[in-house]
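Hello,

Here is the structure I promised to pass on to you. Please open it beside this email, and then read on for what was found in it.

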Amino acid sequence: MDAIKIDNLAYHYEDQAPLFKNFNLTIQAGDWVALVGHNGSGKSTLAKLILGLLERDDGKITVYDLPLTEENLGKAREKMGMVFQNPDNQFVGATVADDVAFGLENQQVPSQDMPAKIEAALKTVGMAAFADREPHYLSGGQKQRVALASVLALQPKIIILDEATAMLDPQGRAAVLQTLKDLKKAYGDQLTLIMITHDMDEASLADRVVVLDDGKLVLDGTPAEVFEAGDQKLKDLGLGLPFSVQVSQALKVQPPHYLNQQELLQWLLTLNK
Amino acid sequence: MNKIVIGRYLPGDGWVYRLDPRTKILITFIYVLALVFTNNWVPYVWATAFLILVLALTKQPLALYWSGLKPILWLIIFTVVLQIFFTPGSPVLWHWGFLRVTTPGVVNAVYVVIRFVLIILMSTVLTLTTPPTSIATALESLLGPLKKVRVPVAELALMLSIALRFVPLLLDETQKIMNAQKSRGMSFSSGGPIKRAKAVIPMLVPLFVGALQRALDLANAMEVRGFQDANQRTHYRVLKYGHEDYQAAAVTAVFVVVFALLVLHFG
């Protein structure tokens, strides 16, 4: 099953050269995809096109077999949720619970059903104890987890995270990433995660890494494939490599293939024996 | 940042917190309206007593309200100066050119200060004890009948709640921008009024740009979460009058009746 299918997408910003031209990308349901690229590579634009926040010039986007058209927009969006970069600019409610409620109110969920749904969503991200707090008293990482809960309450099949950890401190970021891992574990194939980032360590958490450059797909594959085969290309694009790859390359005796941080640690430990 | 009290909600468990937001809005409205009808110290004493009762029932420290008044001190002083120097009448206590201080001017100034402080404190109680969304929901409910004459009540209520939600954020941002510019040698507190006014411009530009960016981001976030029509939404916070509201109504009724009698008697 395809979660998202993009055919021949074309898009340009006003007064600028075309960003996307004959762009194709298919994302399988249940995948965890990292969309990476430097600033201006079109990754955030792509997310906005998928959500219909921007109007494409040409091409076709389908979300779970539902073509994204003006009539279908509302229905298609019900299947998707998005967490944006700035934690403050997506907090609509006055308190944590109000914010989670906002989406439910839009979907006209009956008032008496809301508290249970809000609590469940906040529990999933570990923020239930903060339900009555104002955003002002939360850290960036906590706000992003609330944003995630707001999205989860609407039970989307696809969650897009647009640089959701870029403005967070290391702890906040670790907490958000851990929440994502837990979610993926809990929902499995029922949840498709699309993570836009330019952090390669974050990207290495995904099952599939897609590298964009000026609206073109330059690398696409598992983290192993992308980081092994494409290391020169990634460097050329100014994207860098995940920490584990950097360490591996600096070693005298190098591991036979790509290892993530955990695997690399295991491998190094076996060398000692 | 914590200095700003006006317009800010502070969680608490006082009796006032348990009131329906509609009750609080109506009482605030009645109170403010009542104050307009008097120019005598006796009703003001009665109104002050009522306010003190309300403040006590919020269970918030009085120091908090005092710090809430501080930012508008200048506004009060400005109004007092206008009242003192530009109220005609006799006897004239002092005059210099077109400036004259008259007894009615001084008396008026005192009443203006009292009225100002009472009104500000009462509305601070409203915003301090009621989450912005509840105020918005309450206004939507109170102004509901206007929907019939095509006033976009739901949209306005949502706009209001979002505006209130962004007040502390924008104040924070103002502080940040000011600090950033101070750190590069800008002074907001020295020089004449023209120089000071000029210093504000480089602060306002980034503030506006930032606010617009926030607005665009927020619009996207709202749209993605399924916002389409403010009229086709359910509400998380359901308003319901409880026995506290009836108690409040009774107390307010006593206040209004006594106040009216005092005004009739003393003017």
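How many residues does the contact take from chain A, and how many from chain B? In this predicted model, chain A puts in 34 residues and chain B puts in 28 residues. On chain A, helix H2 (73–78), strand E6 (80–83) and helix H3 (96–106) each provide at least two residues of the side that touches chain B. H3(A) gives the most to that side, with seven residues. Sorted by class, the side of chain A that touches chain B holds 13 nonpolar, 14 polar and seven charged residues.

Next, have a look at the sheet in chain A. Four strands make up an open sheet, in the order E2-E1-E4-E5 (chain A), with antiparallel pairing. Strands E2 (20–28) and E5 (66–67) of chain A are at the edges with a single partner strand each, so one side of each has no neighbour in the sheet. E5(A) is joined by two bridges to strand E4 (residues 58–63) of chain A, and the two run antiparallel. Here A:Thr62 stands opposite A:Pro67 in E5(A). Helix H1 (residues 43–50) of chain A packs on the sheet, where it touches strand E1 (2–11) and E4 of chain A. The direction of this helix makes about 110° with that of E1(A).

Is A:Asn8 buried or partly exposed? It has 13 C-beta neighbours inside 10 Å, so A:Asn8 counts as partly exposed. Leaving aside neighbours within four places in sequence, A:Asn8 is in contact with A:Asn22, A:Asn24, A:Asp58, A:Gly59 and A:Lys60.

Now for helix H2 (residues 41–58) of chain B. At 1.5 Å a residue, its 18 residues should span 26 Å, and its end C-alpha atoms are 26 Å apart, which agrees. Which residues of H2(B) are buried? They are B:Pro43, B:Tyr44, B:Ala47, B:Phe50, B:Val54, B:Leu55 and B:Thr58. An α-helix has 3.6 residues a turn, so residues three or four places apart point the same way. The buried residues of H2(B) pack against helices H1 (21–36), H3 (62–69), H5 (103–129) and H9 (243–266) of chain B. On the face turned away from the buried side, H2(B) carries the exposed residues B:Val45, B:Ala49, B:Ile52 and B:Leu53. After H2(B) comes B:Lys59, with a positive phi near 60°.

Enjoy exploring!

Technical notes
Residues numbered from 1 in each chain as written. Chains lettered and ligands numbered in written order. Predicted model: local features only at pLDDT ≥ 70, side-chain atom pairs only at ≥ 80, totals over all residues. Pairing = 2+ DSSP bridges. Contact = placed C-beta atoms within 7 Å. Axes fitted to C-alpha atoms, helices over the stretch in contact; angles between N-to-C directions. Nonpolar A, V, L, I, M, F, W, Y, C, P; charged D, E, K, R; others polar. Expected span 1.5 Å × (residues − 1). Buried ≥ 20, exposed ≤ 12 C-beta atoms within 10 Å, placed from the backbone.
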